[in-house]
Amino acid sequence: ERPTRGAEPPRCDSCWPHICFCKSVFSYFFSSCPSLFQSLIELFVNRLDSVESVLPYEYDAFDFCQDMEEKRPSENLGQVLFGERIASSPYKEKNNIKWASRWDYILESMPHTNIQWFSIMNSLVIVLFLSGMVAMIILRTLHKDIARYNQIDSSEDAQEEFGWKLVHGDVFRPPRKGMLLSVFLGQGTQIFIMTFITLFLACLGFLSPANRGALMTCAVVLWVLLGTPAGYVSARMYKTFRGEKWKTNVLLTALLCPGIVFADFFIMNLILWVKGSSAAIPFGTLVAILAMWFGISVPLTFVGAYFGFKEKPIEHPVRTNQIPRQIPEQSFFTKPLPGIIMGGILPFGCIFIQLFFILNSIWSHQMYYMFGFLFLVFIILLITCSEATVLLCYFHLCAEDYHWWWRSFLTSSFTAVYLFIYAVHYFFSKLQITGTASTILYFGYTMIMVLIFFLFTGTIGFFACFWFVSKIYSVVKVD
């Protein structure tokens, strides 16, 4: 409150250790106690958040003491996308904390920090153990299969064969909807490289939480610059699938998935505009994002597709028969849907603990700083996606079902469905969000996360299976 006339000024030995002053009161206290203000730090204000809403607002949107000479520091792209608007304030703070220790009070106040350490270590041990078991079973069983198949020489014995060698003439038959699968693989490759580089830089400390918006800026810039790998992988796989509509393939690779994300993002931004939130992205920034997309990413995708179509199709180790082989009746566990549902459980099991803390940092406004553990969990996710998909693919081939192309992609990408279910559980059990707009925003942004995770995990599972199938059919003798 403003001091009344005749009030006794505070003594220097009784001054508050951390105290904020409005400039209208500053001159009064400075004249009374000048030594108090020898080490004052100018304070900047961030957005205002609430546990009951995901709509942030500018600090001066409410009737607070405002800075008459408002100054805004330069903001990077990540800050603008996240609504991290920073402005000067009329407050000063006396602070004796050293610069190197400025984050200590945040780290010490983090809830469940010790639990996170033990939980991550526990999950890593379990996942590594399961991964070792899966790898050992596959390698041991495959070794026996290959040895048995290669010992059979006579045609009479060959007729008694069973298992995955019987479908060698159909295993590389091009899949249905090969266009869409190749587009998903191109986009998934782009997301994988972007995620790997971003997490690696964050792990090395280049993207510290102290630098607001650096993580988001790095991810967006990398995604824009990685259009060439997306175009190359999509074009090369589409040519391998014997596709001929190469123009449609290139356009879909450049526009389909980014267009879905941008449309979702634009609708969310309209809601923020209507509500007057500080997280609403200015129109000029939206135009700049579109310019980066169509001016840099799309041409780079075309360049990658050009080199992809110039390459020869990937050669398969066995020839494909003219007439498709009839698939025998399948048991319940070797049917497509049960296998796909089961395939996403193990990869999700290694990330759900980290997912809880990531969701906390996004929606509960907590600081996330353990990028080293996150990078380690990312590597474990790659391993489990690959091994779980390869294991199920092997079982299906042994059951003489050679439709593995889409199944390998969907098996690992079903982890994204579990991610969405967990996000729904988190919304109802952990958050106190009320209001239709906040609910729409939560699930709108969640769908973007789910789509990105769907493409990323599906691509990992597909290429692991592609390598596995090519490898096992290249080491057996086929007439």
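Is Trp 363 buried or exposed in this model? With 12% relative accessibility, Trp 363 counts as buried, where buried means under 20% relative accessible area, exposed over 50%, and partly exposed in between, using a 1.4 Å probe and protein chains only.

Hello everyone, a quick word on the basis. This is a predicted model, in which local features need pLDDT of at least 70 and side-chain atom pairs count only at pLDDT 80 or more, while totals for chains, interfaces and linings use all residues. Residues are numbered from 1 along each chain as its sequence is written, and side-chain values use heavy atoms, leaving out hydrogens and water.

Now to the aromatic rings. The structure holds 46 aromatic pairs; rings of Phe, Tyr and Trp (its six-membered ring) pair if their centres lie within 6.5 Å, and planes under 30 degrees apart count as stacked, over 60 as edge-to-face and the rest as tilted. Phe 172 and Trp 405 have ring centres 6.5 Å apart and planes at 65°, so this pair is edge-to-face. Phe 172 is buried, at 2% relative accessible area, and Trp 405 is buried too, at 4%.

Back to Trp 363: its partner is Tyr 445, in a tilted pair with 6.5 Å centre to centre and 35° between the planes. Trp 363 lies in helix H13 (residues 352–363) and Tyr 445 in helix H17 (residues 436–474), so the pair ties together parts 82 residues apart in sequence. Helices here are DSSP runs (H or I, at least four residues), numbered from the N terminus. Tyr 445, at 22% relative accessibility, counts as partly exposed.

Finally, there is an aromatic cluster whose members include Phe 172, Trp 404, Trp 405 and Tyr 473.

Definitions and conventions:
Helices (H or I, at least four residues) and strands (E, at least two) are DSSP runs, numbered from the N terminus.
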